[in-house]
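Q: Please take a close look at one helix pair in this model. Then follow the aromatic contacts from there.

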Amino acid sequence: FQIFLSTIKISLIAIDEAHCISEWGHDFRPDYTQLSYLNRTYPDVPIMALTATADETTRRDIIAQLDLSDPVELVDSFDRPNIQLHVAPAKDRLERINEFLDERADESGIIYCLTRKRTEEVAVELEKQGYTAASYHAGMSTAERERVQKSFARDKTQIVCATVAFGMGIDKSNTRWVIHYNLPKNIESYYQEIGRAGRDGDAAAALLFYTYEDVTRLQRFAISAKRKSVQLAKLERMKEYAEAVTCRRQALLQYFGESYSAPCDACDVCLTEKS
């Protein structure tokens, strides 16, 4: 690819999903952390880095990793007002999922799971309930992953049960809901993933199952990771969000440095208080 670039005139370099550049933001595309060579190799070409979810720490790291000098930084609102936010205890998850889907029988959605095995188990259970469901994870062949992705995009598969390997670059506007079977490792991942619902602007829903067992498992992963103190701090903020007793939208937007003063009336906390 670098040899190809040397043969053409480049007017602009745009890097999408730029949170993957961050030392603590990428999950499965480590080549993103080597993109600083672009600025060194093409010093006169403008570089644009784009992401939907990066807090201030991650934004600083993106700038450092790309070796940018005093870049212009444009930060829009992080609010996704059309997405209802719900958190539930992780007891009887499959039963709760079926109740959730009873109200959304014809709607497309994604269920994120922590392990490959769990994606397959949940997909099988949903198939038994009459839904068209498929699993998606990095252990599948490229051809099989592409088949599932295309089937979902074309509304032939209603539900995809996936690890974090699924979703980046997926632009399916009518995804109506996202469920997290397990706790994500940080708020950036959570917000990136629920943002795959309701891209057409219509009402959508996000349901997160919370159990402390997931916290302890993710803590073990973080301890063995690079920059474990940052990973653990981000996990703690995710845990605080799941345990919040005040407006969840306020908590999310405050995390990204944005104020939201009034109750949103579109999360489980606000809706419970309103009733």
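A: First, a convention: axes are lines fitted to C-alpha atoms, for helices over the stretch in contact, and angles run from 0 to 180 degrees between N-to-C directions. The model is predicted.

Now the pair. Helix α9 covers residues 228-242, and helix α10 covers residues 248-255. Their axes lie 10 Å apart, at an angle of about 160 degrees. Angles over 145 degrees count as roughly antiparallel. α9 and α10 are therefore roughly antiparallel to each other. Their crossing is right-handed.

Next, the residues that touch. From α9 come Lys234, Arg237, Tyr241 and Ala242. They meet Arg248, Ala251, Leu252 and Tyr255 of α10. By class, this contact has 5 nonpolar and 3 charged residues, with no polar ones.

Tyr255 leads on to the aromatic rings. Besides its place in the α9 contact, Tyr255 belongs to an aromatic cluster with Phe78, Tyr191 and Phe256.

The aromatic pairs in the model number 8. One of them is formed by Phe100 and Trp177. A pair of aromatic rings is described by the distance of the centres and the angle of the planes. For Phe100 and Trp177, the centres are 5.7 Å apart and the planes stand at 80 degrees. Planes over 60 degrees apart count as edge-to-face, and this pair is edge-to-face.

The Phe100–Trp177 pair also links distant parts of the chain. Phe100 sits in helix α4 (residues 93-102), while Trp177 sits in strand β7 (residues 175-180). They are 77 residues apart. Both Phe100 and Trp177 are buried.

Conventions: Residues numbered from 1 in each chain as written. Predicted model: local features only at pLDDT ≥ 70, side-chain atom pairs only at ≥ 80, totals over all residues. Heavy atoms only, no water. Helix = DSSP H or I, 4+ residues; strand = E, 2+ residues; numbered from the N terminus. Parallel < 35°, antiparallel > 145°, perpendicular 65-115°, else oblique. Left-handed = near helix turned anticlockwise from the far one by under 90°. Contact = heavy atoms within 4.5 Å. Nonpolar A, V, L, I, M, F, W, Y, C, P; charged D, E, K, R; others polar. Phe/Tyr/Trp six-rings, centres within 6.5 Å; stacked < 30°, edge-to-face > 60°. Buried < 20%, exposed > 50% of the residue type's maximum accessible area, 1.4 Å probe, protein only.
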